[in-house]
Amino acid sequence: MTQTTPHKIQQQLYTRERRGIFRSAEGFDTIARSKGLDHSFIKKILHPFCLYDAPTELSARGEKDTSLYPDAIHLFHTDAGQTVLGRSIYQATDFTGLRSAFFTHNYVIPKERSEEVVHNYSTWLHAEFVDSYDIELGIDIPDLDQVPLLAGRSNQGELSPIERLASLNINEKIFKQLLFAVMTASSSKKKVYVALDVPAQQISAKATQLLEVLYASLPYEFRRQLGFMTYANEPQSKKGVHLMFVERSSLRANDRNTEKDFTFDLHTQRVTNADLEVSKLPYLDFIWSNLSSPDRAEQFYQFADTMLSDLGLMRRMAISSYQELALFFQIEEGNVVLFNESKGAILRGLLEYISPPGALSVKMRLNDIYLAAFDREFDLIKQGHVPDIAVVEAFKDYYPISGRNNEGKIVRYFIVAINNAISQKRKDVATSFYSMIESHPPLSKTFFDMVFAGGLSKQLFEPYIQQKFTAAPKPKDVMKLVGIWGKAHPAVLSNANFIDMAKSHIQDKLRRDPQPVSAVNALLDQQQQVEREWRGTGSNPDVDLLDQLAYVANLFLLTEMSLDKITKDQLLSIHFLKQRAEVKAWAAKFEQRVQSNAAVMLAAYSWFGESHPDERVFNGLTPMEMDRVQELGCQWLQEHVNTEEFERITLAFYQGGRAGLNYSGLLNFVLKHGRNKEMVYEFMEWSANQPLFTQDRRLTPAYASAIVSYFKKHDRDAFKKRDLVKRYFNSPSPVLKSAYSKAKVELSSPLARLIHRNKRKLFLSSAVIGVLVIVVVGGMFALKAAGVFDKEEPPVVATQPVTPLEPNIPVSSGPEVVVYAEQIKATADKQGETKLVFLFKEAGTCQQFKGDKVTIESADGLESEAYSDLEPEVTCEVVPEATMIEGKGDTNSSHSTDNKITPDPKDNMTGEDAGESATKELDVSKELDADQADLSSEDAVTTDKDAEKVKNPATDKEEVESKEKTPLTLKLSDYKSSVTLTLKKLTQEIPMDSTIEVSGQKYTLVEKPAE
């Protein structure tokens, strides 16, 4: 719509005529309009409201009196903001005099003047309209300055609102329901249909009277939005019309067209969709009470409109907004009871209105209500009252908008409120108050600054911070709290109780933490972050407290942490272990247990922290400390047995000094935790170049013995597996060849071992026999050629076979001196050692016995080693009487833990049996000793007869002497005295049958007699 004259009210006339503006033929059309009205506006906006349907009640009886037909006044607001006020009336005849018609007159009020409906609604409801128009006067009609008021208004206006409602059969309940429905429909798509209990001819007039009451009861924003029609013959939905009065017979029950809308049939008192509980909307009570006080009502509407002016349309059209504002209005009037009934909700509601930026200056009345409420509440807590949490929360949120004049009052309010809660043992309430303060940094700073300045730390700060420290889940959270408080309130850093609480809680949380190392590292990281934050403020708080807390955490790791469950990565992440000298000096201030822990941790850190550690990592450790470190190392290395870790694995079995390594345990560990058996052979190959396994370009005797023992116990078929032989045994490191050869022999059969040990003698015997055979055969051929064998052979006389005599070796009663070994394992208080016990038949022999030098030659014959620097301790004592003890010789058995020896049954064969066995097993012996044997395959294979020749009595005697020892029965009663040599630092096991040389005299090590 365009306007030629600004802010003028324009008009439009519509009826049935010979011609119109939009049609040249007869019919219904706009016949006149103001020049400012756009034709499209007329067609799209105004024409849909140019209509009239006669009441059924009147048309049914053929009523001709047009004055009985009700006017249809309508008012609606367009999307562009204009207001359209119009009326349609019934005409018995049109210009032809033959047909009935209607006449519509519309006022179009511009957007700039639409606000007039807020205060001039009564004028608009009683506007004057024209009833007819002569088209011969032209299509242009003038603009108006005002809506003309109908002259000669009824005296009905002198009735009070309640009297008007009563005349329409509307009681309090129906009025509240109707008002609720109108307010709801104005802000939604629902419609309100009212069928007044009056005759048809009175519908429009009575509807106008009711509209006056409704407008007077509606807030301004609803007046701006409401659209209505005072008459329609039946319900119909029209855009912009919220309230429609219809003929009383037109509202039918269960009508699908109106089932979702509000309907009020006042004739039957039937209301739909408006059955609300009035008690839930106190605002309706407030409005009802104001029907007889229109001035108070208008004051409220002005108050509400101002308080909502900066809010959105949805908020301005919400019934809940006016319900809140009605409470504020009544509280402002002095109704404190309403405030006491819902303090928190009212304070919160007030804050929503005054919190937006710039709102306070417009809504000072609400701010005054708030401050008055605050003063009343402050008076209460001064009397010892503990306020509701909702009330305190509201005052906390008011702090940012309170202004400097009220900040101090609010902080003092919190101080008194918290003190009251603590005094009355209401810890939960006090905690809630503290949480509110903490959530608002500016308030928190002002609050605690006032607490510290007023000397209230002990009462109001320390209980609070104690609770905060307790609630902190991790040690790093304690450090974080210290950082927050030190940054906001540097004064706490000089509070001794604050410092002590922080230290105590860090220790307590570390004790409960399943991963204390990770917890300490997180705390140290948090310390660095706190220091960065402090430096960023420019205030430079004292960082000494942070260092003290870090010291407490590190001290816990040193003094209280259990090393049994610590992982390698955790240990390596302990930062202070990098400062070895400082840690030692630090630990020296504490008891021995702490010093021992420090030594263990430092050794483990070096062992697993250095790229190539050696045995020096154990320097300075006691045997017990060394055991602890190695136990840790074994735990960590179990899952990492590979070539890269061989160096560290070796140190796990280092025994210190001349004792070297526990080689058997080391090989067993690699076997048990390696991925397969080949890992052991990879380790052996690696060890060939390591100083802890070799000396003088040879394996140490103990390591060589351990390798042989490994094959005998764990992999007896190793030399029969082609892939292993090809990969590891065909071309081993030179230092390993001797041990592998010895292992091959030990794993062969007893006969093969016998042949191997006597191969030189066998070779010589074979050579002699070969020569004899050649001589004999040559002589026989010569004799035959001479005719000696041409004579008749004499008869053969059967003779009994000669049974070879078994060597008759008497059972000895035992040698003059025997020696056995006792191994003492290391304990927490004592280092491991080995004792050699010598038994003598002559009581006085031990007195002349000298133990100044001891040499031990291993039974495998590979190495011998002197122990002259072991400082043996000699004791001479008389052996008590005991039971008979049997000693058994060693027939190359494996070195079991109890040193028991099981004779090989093949060692007791007869000569004939031995010959047969030799024929079968000689090739095996040659294969196993290919790198040393000189015999050819032809020499090695003999007949049974040749074998018997080899197995001559001399050889039998030698075998008896070297291989087959008859069990001896030792009687302790035969030995009158004993000498014990204590070899300190020797912790490894001495193989049975080893040779013990003392002062030039050699003895064979026998099994320790059983008790």
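**Patches and rings**

Tutor: V773, V777 and F781 make a nonpolar surface patch of about 270 Å², where a patch takes residues with over 30% relative accessible area and no salt bridge, joining nonpolar side chains (Val, Leu, Ile, Met, Phe, Trp, Tyr) within 5 Å. This is a predicted model, in which local features need pLDDT of at least 70 and side-chain atom pairs count only at pLDDT 80 or more, while totals for chains, interfaces and linings use all residues. Residues are numbered from 1 along each chain as its sequence is written, and side-chain values use heavy atoms, with hydrogens and water left out.

Student: Where is V773 placed, and is V773 buried, partly exposed or exposed?

Tutor: V773 belongs to helix α36 (residues 759-785) and is partly exposed at a relative accessible area of 40%, given that buried means under 20%, exposed over 50% and partly exposed in between (1.4 Å probe, protein chains only).

Student: How is a pair of aromatic rings described?

Tutor: By the distance of the centres and the angle of the planes. Rings of Phe, Tyr and Trp (its six-membered ring) pair if their centres lie within 6.5 Å, with planes under 30 degrees apart counted as stacked, over 60 as edge-to-face and the rest as tilted. The whole structure holds 69 aromatic pairs. The Y681 and F711 rings are stacked because their centres are 5.7 Å apart and their planes at 15°.

Student: What does the pair of Y681 and F711 tie together?

Tutor: Y681 lies in helix α31 (residues 678-687) and F711 in helix α32 (residues 701-714), so the pair ties together parts 30 residues apart in sequence. Both Y681 and F711 are buried.

How values were computed:
Patch = residues over 30% accessible without salt bridge, like charges linked within 9 Å, V, L, I, M, F, W, Y side chains within 5 Å. Areas by Shrake-Rupley, 256 points an atom, 1.4 Å probe, with all protein chains shown as cover. Salt bridge = Lys/Arg side-chain N within 4 Å of Asp/Glu carboxyl O. Helix = DSSP H or I, 4+ residues; strand = E, 2+ residues; numbered from the N terminus.
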